[in-house]
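Subject: Structure for your files

Hello,

Here is the structure I said I would pass on. Please look it over; my notes follow below it.

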Amino acid sequence: LRYMMEKPVEEGSSTSINQADGGGLLHFVVLYDTPAEKIEAAQAALQKQLDNKEITLNPVVFDKAKYALVSSVVNPNDESVKTQMLSSGEAPIMEGGRMAFSFELDPARSKLLLESFKMATADLSLVFELAFSGLSDHYEAELEIDWTEVRKSEVFGGGLDIYVVSADVEVGMHKLLRDNAIKLTVKGQNASMDKLLNVVYDKLLKLMFEPFQPEEIPREAEAGIAEALGGLVKGGAQEALGFGVNAAYKLQDIRTEGQSYLTFNGQYPVTRNHFVTFNAGGLYTKYGENELIFKDVPLWDPAFKQRDVFVSVDGSLEREFDQMVEGVTVWLRKKHVDGTETLKDVFINQEKFKESNGLLSMTYLNHADSNLIDWLEYDYQTIWKFTGGGSYTTDWKTESSSMINLHVPFTRRQIELEGDMQTLNDKNIRVTRVKIDYDFFGENRSNSVNVRPDDLLPDKTFEITVPLNVEKVEYQITWFNKDGTRVNASGIDEYGLLFIDEIPGEEGN
């Protein structure tokens, strides 16, 4: 929707034809679905290729999905960035899910986008990153990490803060292997080195990098992500290892000394990412004459205008309604030119979200707000109520977008236990107790687990939920000896990894 409105004539103008004011509003809904005819065609092709009429196709069950919207025309932030990641977040993992997007454009960009829509490949692309998991092959290997050499490596030691998880990280891991900062010893003759390296890199990525939430991605990282996503759009659907492309990661402040040893003995959970790309090309050819899709409209008399502000629920929040979030209240405050104030609110919980079919909005009118650009600005605040008690209230934030995107204010962290269980058995340790304490919006929470020498450590992983700004977790480890004595150790963990075979008081610990 391109709109035109009058603009006061500049003083001293010598022409009767001047540039009017206006701009454009881009609003679209994306449906994620697979046409039945494509499934039938693929199934028929497989049956013919493999000469087996019994072959049937079933849907892949995805663990999670993300989306990223990229463009160079619809770029509200930085004129110098050629390709901009406009929006990213959680996407529906089931077919039939819908996502809505809305952007405001100045007159020049609205014209550029209109002309772009007339081309076969428009400057508006959407990338879905779909993650699914499974088990790796059986491996027997040992990984030695020399933290001193890791910190000295030019790959990660050059003051680098932000790193886009892509092929560049895999190259960096290969260099660490070549430089002997990490050493991999494989047992047996049948291990597939490439597949084993994928498992090892996945482990190292979790150990060395900290992921950012979509709304926290720094501007300098967005350009690199957008460039990588642009390559996916040109290349079509692809697959990637580890965390995928549509993410930003911060290198951890590595302070660990000496060596660490990780043992791989068995099958391990692995994640793979599949990319589906969509481009908005061809829309104008099909709908250019339809004013319900493309329309120019003049605006006049702002007294009769109203502003609808939509509330978008991110896919991650939708899943939390029956787990962590009891409800969210969104307050909207509009201060008008005539001194009056409009205050609106909407409450969202699982039942209200389902009843509304995801369409939630608040409206305010024009109270002598003659400057329509200023009229679009409003303040909003969110109040979160969590299951089992606890709440969180954000500061008031000024916004002009027609959509408020709600993302969960917390994240889930995994804290893994590592150690040589045979060492604990040799030191007559009967049981090791690990207890962690962490903050959840002013409420102290704790978890504990007991580990015996014959237990499997991958089964003893902590999964905790913490606010986005909480990185440190307090821990206490108690070793119970078979003779009834005990040894305690406590500290603060920032990396999500606790070593339970390093008993205080022993040489080197």
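The largest cavity holds about 30 Å³ of space. This is a predicted model, and a search of the whole structure finds one cavity of 30 Å³ or more. Its lining is made up of Phe28, Leu69, Leu124, Ser125, Leu126, Phe278 and Ala280. By class, six of the lining residues are nonpolar, one is polar and none is charged.

Next, Ser260. This residue sits in strand 13, which covers residues 259-266. With a relative accessible area of 4%, Ser260 counts as buried, because the cut-off for buried is under 20%. The side chain of Ser260 makes a polar contact of 2.7 Å with the side chain of Trp147. Leaving aside residues up to four places away in sequence, Ser260 touches Leu143, Glu144, Ile145, Trp147 and Phe499.

Asp106 has a relative accessible area of 36% and is partly exposed, whereas Ser260 is buried. A polar atom of the Asp106 side chain lies 2.8 Å from the backbone nitrogen of Arg109. Asp106 and Leu25 are 81 residues apart in sequence, yet their C-alpha atoms are 9.0 Å apart in space.

Regards

Note on methods: Residues are numbered from 1 along each chain as its sequence is written. This is a predicted model: local features need pLDDT of at least 70, side-chain atom pairs count only at pLDDT 80 or more; totals for chains, interfaces and linings use all residues. Side-chain values use heavy atoms; hydrogens and water are left out. Buried means under 20% relative accessible area, exposed over 50%, partly exposed in between (1.4 Å probe, protein chains only). A polar contact is a pair of N or O atoms within 3.5 Å; within protein, one must be able to donate a hydrogen and the other to accept it, and residues adjacent in sequence count only if both atoms are side-chain atoms. On a 1 Å grid over the protein atoms alone, a cavity is a set of points where a 1.4 Å probe fits but cannot get out, and a pocket is an open set with protein on both sides within 12 Å along at least five of seven lines; lining residues have an atom within 4 Å of a point. Grid points are joined across faces, edges and corners, and a volume is the space filled by probe spheres set on the points. Ala, Val, Leu, Ile, Met, Phe, Trp, Tyr, Cys and Pro count as nonpolar, Asp, Glu, Lys and Arg as charged, and the others, Gly among them, as polar. Helices (H or I, at least four residues) and strands (E, at least two) are DSSP runs, numbered from the N terminus. Contact means heavy atoms within 4.5 Å.
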